[in-house]
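Student: Could you walk me through reading a model like this one? I'd like the general idea each time, then the case at hand.

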Amino acid sequence: MFSQELWLENEKKCAVVRKPKPGRKRQELLAAAWGVKVGVKGGFLWPPLKLFACPQISSLVRRAALTHNDNHFNYEKTHNFKSVCPPSADFSDTLLLFGSQVHTFRGPHWCEYCANFMWGLIAQGVRCSDCGLNVHKQCSKHVPNDCQPDLKRIKKVYCCDLTTLVKAHNAQRPMVVDICIREIEARGLKSEGLYRVSGFTEHIEDVKMAFDRDGEKVDISANLYPDINIITGALKLYFRDLPIPVITYDTYSKFIEAAKIANADERLEAVHEVLMLLPPAHYETLRYLMIHLKKVTMNEKDNFMNAENLGIVFGPTLMRPPEDSMLTTLHDMRYQKLIVQILIENEDVLF
């Protein structure tokens, strides 16, 4: 950091960087935050760092951590334990004890956490339905959040937890998002009413089944689906079918409260703070989608889709209230729209 004397000397010579503007490049934002020269004339930021610059550094550091190793992504995930029982247990009793989702152990098993034998004829332990880890019921409370889902256990792509799918494929984002956005940007950015116009429902369902069946080998090219609205519909359907929305239930109310802030700068800072609370896989997926939607708005003259229009479309798609209340949904729709609009317009600053 610069000394106070150096700061005073440079203050007379250079324009002071008060707050980074939304349109500036990330490199310039980071340079301004650390008090180094920016541009030809240059400028310095005296410590402590400005409030807006600090979250920007956190965002840059977080993104750097996410992309540090393209071949392995350490997104933390809890185990999805289900109670298990042996074949001899009465099925009706099992349903009463453990619910409708049960598993039957065939032969003796050992706890993979404490390495002790699982005793008893019923309720010996639990199994993670995503990675197959077998542990005692008590041991399950102490197992770390290190679940690595097995692709063999992931039966479908749609309706699958976002983090589970990402970890199973060892990727940054769900491949549905990558493949659909790549196709849309290749041939659909200038399509009028992009994301607003709906494709045929049966064709969208065909794409959904193709992803569930073929995974990364799916073919959604123009040869099979010439209408780009089918691909946009399939992408929106993927987000709607997520058991936990991209903007999670835990952060929903915080985003809504941030949207209600009247001051634009304070609202932007509040939105950024809540973004940092998203799970890494959700954050990265949202970031990638906002970069794409920003490209859509850059073609507004052809597709007539600006950030506000996209906010109307994607607000209810990306965020849903924790309680299934129609009244809450209707009341929050304008704030959902505003949040997505803010994310798109300030993508280069928020992420």
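This is a predicted model: local features need pLDDT of at least 70, side-chain atom pairs count only at pLDDT 80 or more; totals for chains, interfaces and linings use all residues.

Student: Which residues make the nonpolar surface patch of about 330 Å²?

Tutor: Start with the rule: patches take residues with over 30% relative accessible area and no salt bridge, joining like charges within 9 Å and nonpolar side chains (Val, Leu, Ile, Met, Phe, Trp, Tyr) within 5 Å. Here Met 326, Leu 330 and Met 333 make the patch. Met 333 sits in helix H14 (residues 326-345), and its relative accessibility of 40% counts as partly exposed. Buried means under 20% relative accessible area, exposed over 50%, and partly exposed in between (1.4 Å probe, protein chains only).

Student: How many helices and strands does the protein have?

Tutor: Helices (H or I, at least four residues) and strands (E, at least two) are DSSP runs, numbered from the N terminus. On that count there are 15 helices and four strands. Of the 351 residues, 48% count as buried.

Student: Which residues have the most contacts inside the largest nonpolar core?

Tutor: A nonpolar core is a set of buried Ala, Val, Leu, Ile, Met, Phe, Trp, Tyr and Cys residues joined through side-chain atoms within 4.5 Å. The largest has 69 residues, and Tyr 195, Phe 211, Phe 239, Leu 286 and Phe 314 have the most contacts inside it. Helix H8 (residues 228-241) gives the most to this core, with eight residues. There's also a second, separate core of nine residues, including Met 118 and Cys 128.

Student: What does Phe 239 touch?

Tutor: Contact means heavy atoms within 4.5 Å. Leaving aside residues up to four places away in sequence, Phe 239 touches several residues, among them Val 177, Leu 289, Phe 314 and Arg 320.

Student: Which helices do the buried residues of H6 pack against?

Tutor: They pack against helix H7 (201-214), H8 and helix H11 (280-297). The buried set includes Val 177, Ile 181 and Ile 184, but also Asp 178 and Glu 183.

Student: What does Asp 178 pair with in a salt bridge?

Tutor: A salt bridge is a side-chain nitrogen of Lys or Arg within 4 Å of a carboxyl oxygen of Asp or Glu. Asp 178 meets Arg 173 at 2.8 Å, N to O. Arg 173 is buried at 10% relative accessibility, and Asp 178 is buried at 17%.

Student: Where do Glu 284 and Arg 287 sit relative to each other?

Tutor: In an α-helix there are 3.6 residues a turn, so residues three or four places apart point the same way. Glu 284 and Arg 287 are three residues apart in helix H11, separated by about one helical turn. Their closest N and O atoms are 2.7 Å apart in a salt bridge.

Student: Which parts does the Glu 308 and Lys 337 pair tie together?

Tutor: The closest N and O atoms of this salt bridge are 3.7 Å apart. Glu 308 lies in helix H13 (residues 307-318) and Lys 337 in helix H14, so the pair ties together parts 29 residues apart in sequence. As for networks, salt bridges that share partners join Arg 173, Asp 178, Glu 284 and Arg 287 into one.

Methods
Residues are numbered from 1 along each chain as its sequence is written. Side-chain values use heavy atoms; hydrogens and water are left out. Accessible areas come from the Shrake-Rupley method with a 1.4 Å probe; for residues, only the protein chains shown count as cover.
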